[in-house]
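Subject: Structure handover

Hello,

Here is the structure for you to look over. My notes come after it.

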Amino acid sequence: MVRGVARSFSRIGRRSYRSVLGLICALVLVPAGAMAQQVAKAPPSASSASASTLQPVFTLPPPPFTIPGLPSIEGDWIVSVGAGAEYKPDFEGSRRYMVSPIPVISIRRASSPERFRSPLDSASFSLFDYGGFHAGPVAKFVAARNANNFAELAGLGNVNAALEIGGFVEYFPIDWFRTRVEVRQGFFGHGGVTANFSADAIVPLSQGLIFSAGPRFTLESTGATAPYFSITPQQAALSGLPVFNARGGAHSAGAGAQLRYRINPQWEVHSYVEYQRLLGDAAASPLVQLRGSPNQVTVGLGASYSFDVRVK
């Protein structure tokens, strides 16, 4: 059944961008209507209660050491864990789609109000909070690309999994608008640098139901782009594609939208759609021009559960 759905969506990828947007709106707005009806029926206290009222589930020992200049991690923390599924391209630049499971995790101090999260945000931890300004470390796992799994990659070889580590800065000039920048250095699968820029307008639609949307832009160094879009002479001979030397620069631009519904202090559900258009050498690669598409759409659904953790 899933394979049949994948074939249907892969055909959509070859239609006009307007048709894709229509499908996306349907996928996002239909569940939103059902959520809104539930919100209208729910008592205000069920969705407006602060997550800081949760009782600690775990109590952890104090850290063995502290880092001078950084705040202590002692105290109460709210941990949110969950899972979801994404319908996304088989690999970056692909015209075919697949369904993949994804984890959901976030950590914040119980004394801090819950802040906006985008599905594009990498795993992060805020160390500096001052007014609307937040900053801290960030990490992202990039799955391996196995050429044996996709006919389009035949002869191009595998790309190992990568771990990207860096930092983020986000700023809320006003309560309903967020800007965020992530800069990450890759290790293992690629050794380049990736910088993601995003902005989101945050609109409460009803009690517990929030809609957000905004633009996205990505820059990559040559080291981050070449492993996925370059074609060496040996790969050209094996794949039948022309030789191509992919360099870094503007990598993609697009937009995203999200709906989040907090059922109660513990449970939250969300749905989202992200569109990106590959740019520069990523879009010009023969892999994309001859066997893929520069238009990349991701649709996701997920749920998370929150609980308190106390660090003495």
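Below is what turned up, starting with one glutamine and moving on to the rings.

Keep in mind that this is a predicted model.

Glutamine 296 first. Glutamine 296 belongs to strand E13, which covers residues 295-311. Is this residue, at 4% relative accessibility, buried or exposed? Glutamine 296 is buried, because its 4% relative accessibility falls under the 20% cut-off. Its side chain has a polar atom 3.0 Å from the backbone oxygen of serine 94.

Phe91 leads on to a charge over a ring. The charged end of arginine 145 sits over the ring of phenylalanine 91, and the distance to the ring centre is 6.0 Å. A second case involves arginine 180, which lies over the face of phenylalanine 168. Here the distance to the ring centre is 4.2 Å.

Now the ring pairs. How many aromatic pairs does the structure hold? There are 7. One of them joins tryptophan 176 and phenylalanine 177, with ring centres 6.3 Å apart. Their planes meet at 70 degrees, so the pair is edge-to-face; the cut-off for that class is over 60. Phenylalanine 177 has 28% relative accessibility, so it counts as partly exposed. Elsewhere, Trp267, Tyr305 and Phe307 form a cluster linked by ring pairs.

Best wishes

Terms used: Residues are numbered from 1 along each chain as its sequence is written. This is a predicted model: local features need pLDDT of at least 70, side-chain atom pairs count only at pLDDT 80 or more; totals for chains, interfaces and linings use all residues. Side-chain values use heavy atoms; hydrogens and water are left out. Helices (H or I, at least four residues) and strands (E, at least two) are DSSP runs, numbered from the N terminus. Buried means under 20% relative accessible area, exposed over 50%, partly exposed in between (1.4 Å probe, protein chains only). A polar contact is a pair of N or O atoms within 3.5 Å; within protein, one must be able to donate a hydrogen and the other to accept it, and residues adjacent in sequence count only if both atoms are side-chain atoms. Rings of Phe, Tyr and Trp (its six-membered ring) pair if their centres lie within 6.5 Å; planes under 30 degrees apart count as stacked, over 60 as edge-to-face and the rest as tilted. A charge sits over a ring if NZ of Lys or CZ of Arg is within 6 Å of the ring centre and within 35 degrees of the ring normal.
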